[in-house]
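Dear colleague,

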Amino acid sequence: MPNREGFAIELEEGLGGQVRPVSQMELRLKEAAKLGFKRAMVPASQAISSSELEIIPVARVMDAIAIGLVGGKVNGRDIET
């Protein structure tokens, strides 16, 4: 899916529109930072802290799409470009 510049998207979607956990999250985030990404969308159940990336936890695919394409609110905070 095309997304706004600077976003790494590390998600797997379930048939019900939920975001499911992915394997090797820490390794994926380290690689994303090495490649120059500034932010990463991750499953809410796998939200970890990172000194290199802004972590944006999402629970539903629709939230990920909205944030990735146009920005929006997640967990009560604005996500901007």
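How many bridges join strand E4 to E5, and which way do the two run? Five bridges join strand E4, residues 39-43, to E5, and the two run parallel; strands here are DSSP runs of E with at least two residues, while helices are runs of H or I with at least four, both numbered from the N terminus. Please keep in mind that this is a predicted model, in which local features need pLDDT of at least 70 and side-chain atom pairs count only at pLDDT 80 or more, whereas totals for chains, interfaces and linings use all residues. Residues are numbered from 1 along each chain as its sequence is written, and side-chain values use heavy atoms, with hydrogens and water left out.

Taken together, three strands form an open sheet in the order E1-E4-E5, where two strands pair if DSSP finds at least two bridges between them. The edge strands, each pairing on one side only, are E1 (7-9) and E5 (54-58).

Five of the five residues of E4 are buried, so E4 is largely enclosed by the rest of the structure; buried means under 20% relative accessible area, exposed over 50%, and partly exposed in between, with a 1.4 Å probe and protein chains only.

Best wishes
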